[in-house]
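Student: Could we go through this model together, feature by feature, with the general idea before each case?

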Amino acid sequence: EEKALDIYETILLQEPGHVQTLCNCAWLYYSHKNDAERAEAYLETALSREPGNPDANHMFARIQDEVHSKHDEAEAIYKQTLELFPEHVDTLYSYGNFALDRRDDRELAAEMYRRGLAVDP
């Protein structure tokens, strides 16, 4: 992961607004380094460049939910992302987890998981 971060940081030096690289950095910082603050900064930059990016919105929603306990905001982001990208698998699974863990809505969770499995078994 350190090597990947070094590569991504080098890319960002050459192209600071490369949205997918910003998202990749955010994912590594959040998932592997437990640094939500830094991940969120990368995501904010990505979203300022491309507000509808599904990867950035997915990660941003997770951080709003898991770190800041802004559950309503996270849910709104999940729903908006799935309206624009109904087959975005990461969002389907995360929203399914959210529905189960935060809303105790097993029916919605099952629907999200079924949709995710239909796209990527």
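**Reading the helices**

Tutor: Helices are DSSP runs of H or I with at least four residues, strands are runs of E with at least two, and both are numbered from the N terminus; the expected span of a helix is 1.5 Å times one less than its number of residues. The 13 residues of H2 should therefore span 18 Å at 1.5 Å a residue, and this agrees with its end C-alpha atoms, which are 18 Å apart. Bear in mind that this is a predicted model, in which local features need pLDDT of at least 70 and side-chain atom pairs count only at pLDDT 80 or more, while totals for chains, interfaces and linings use all residues. Residues are numbered from 1 along each chain as its sequence is written, and side-chain values use heavy atoms, with hydrogens and water left out.

Student: Which residues of H2 are buried, and what do they pack against?

Tutor: Buried means under 20% relative accessible area, exposed means over 50%, and partly exposed is in between, with a 1.4 Å probe and protein chains only. In H2 the buried residues are Val 19, Thr 21, Leu 22, Cys 23, Cys 25, Ala 26, Leu 28, Tyr 29 and Tyr 30. They pack against helix H1 (2-14), H3 and H4, where contact means heavy atoms within 4.5 Å.

Student: What does the side chain of Thr 21 make a polar contact with?

Tutor: A polar contact is a pair of N or O atoms within 3.5 Å; within protein, one must be able to donate a hydrogen and the other to accept it, and residues adjacent in sequence count only if both atoms are side-chain atoms. The partner of the Thr 21 side chain is the side chain of His 18, at 2.6 Å. Thr 21 is buried, with a relative accessible area of 4%, and, not counting residues up to four places away in sequence, Thr 21 touches Tyr 8, Ile 11 and Leu 12.

Student: How should I read H4: how many of its residues are buried?

Tutor: Ten of the 13 residues of H4 are buried, so H4 is largely enclosed by the rest of the structure; among them are Pro 54, Phe 60, Ile 63 and Gln 64. The buried residues of H4 pack against H2, H3, H5 and helix H6 (89-103). From its first C-alpha to its last, H4 reaches 18 Å, close to the 18 Å expected. The N-terminal end of H4 is capped by Asn 53, with a side-chain oxygen 2.9 Å from the backbone nitrogen of Asp 55.

Student: Is Gln 64 buried or exposed, and which residues is it in contact with?

Tutor: Gln 64 counts as buried, at 2% relative accessibility. Leaving aside its neighbours within four places in sequence, Gln 64 is in contact with Glu 40, Ser 69, Lys 70, Glu 73, Ala 74 and Ile 77.

**Reading helix pairs**

Student: At what angle do H4 and H5 pack?

Tutor: Axes are lines fitted to C-alpha atoms, for helices over the stretch in contact, and angles run from 0 to 180 degrees between N-to-C directions. Angles under 35 degrees count as roughly parallel, over 145 as roughly antiparallel, 65 to 115 as roughly perpendicular and the rest as oblique. H4 and H5 pack at an angle of about 160°, with their axes 8 Å apart, which means that H4 is roughly antiparallel to H5. Residues making the contact include Asn 57 and Ala 61 of H4 and Ala 74 and Ile 77 of H5.

Student: How do H6 and H7 pack?

Tutor: H6 and helix H7 (residues 106-119) pack at about 160° with axes 8 Å apart, and they are therefore roughly antiparallel to each other. Their contact involves, among others, Leu 92 and Tyr 93 of H6 and Met 112 and Val 119 of H7.
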